[in-house]
Amino acid sequence: MELHKDDPFTVIGINTDSDLEDYAKKAADRDITWRNAWCPSPSGGIPGAYSVTGFPTVILVDADGMAVWQGHFFEGDESFQEALATALEGARKDA
């Protein structure tokens, strides 16, 4: 998060824990600083809309609202880095 702190984008987490109190405690314990929503049904809502099949799942959405990359492990993934660079370039132009 620190690497792109000045870039024009937002991180949103979707948590599918079944217990809201447990979810809130985990978020606090892990110092989650980005927006995070609770969706207790992993097959419905946002996870269902994006056909999420495993956790964690990362979905990169560009400035036009299009999902341009989706996967489970993004650190070090060249296709993710390329998609992120392209999305950031577009967002910077629009900012």
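Student: Which side chain does lysine 93 meet in a salt bridge?

Tutor: Before we start, this is a predicted model, in which local features need pLDDT of at least 70, side-chain atom pairs count only at pLDDT 80 or more, and totals for chains, interfaces and linings use all residues. Residues are numbered from 1 along each chain as its sequence is written, and side-chain values use heavy atoms, leaving out hydrogens and water. A salt bridge here is a side-chain nitrogen of Lys or Arg within 4 Å of a carboxyl oxygen of Asp or Glu. At 3.6 Å, N to O, the partner of lysine 93 is glutamate 89.

Student: Where do lysine 93 and glutamate 89 lie?

Tutor: Helices (H or I, at least four residues) and strands (E, at least two) are DSSP runs, numbered from the N terminus. The two residues are four apart, about one turn, and both lie in helix α3.

Student: How far apart are the end C-alpha atoms of helix α3?

Tutor: Helix α3 has 17 residues, 78-94. The expected span is 1.5 Å times one less than the number of residues.

Student: Which residues of α3 are buried?

Tutor: Buried means under 20% relative accessible area, exposed over 50%, and partly exposed in between (1.4 Å probe, protein chains only). By that rule, the buried residues of α3 are Phe80, Ala83, Leu84, Ala87, Leu88 and Ala91.

Student: How many aromatic pairs does a search of the whole structure find, and which rings are in it?

Tutor: Rings of Phe, Tyr and Trp (its six-membered ring) pair if their centres lie within 6.5 Å; planes under 30 degrees apart count as stacked, over 60 as edge-to-face and the rest as tilted. The search finds one aromatic pair. Its ring centres are 4.9 Å apart and its planes at 70 degrees, so it is an edge-to-face pair of tryptophan 69 and phenylalanine 80.

Student: How far apart in sequence are the parts that this pair ties together?

Tutor: Both tryptophan 69 and phenylalanine 80 are buried. Tryptophan 69 lies in strand β4 and phenylalanine 80 in helix α3, so the parts are apart in sequence by 11 residues.

Student: Which residue forms a salt bridge with arginine 92?

Tutor: The count comes to five salt bridges. In this one, the closest N and O atoms are 2.7 Å apart, and the partner of arginine 92 is aspartate 7.

Student: Is aspartate 7 buried or exposed?

Tutor: Arginine 92 lies in helix α3 and aspartate 7 in the segment before β1, so the pair ties together parts that are 85 residues apart in sequence. Arginine 92, at 46% relative accessibility, counts as partly exposed. At 16%, aspartate 7 counts as buried.
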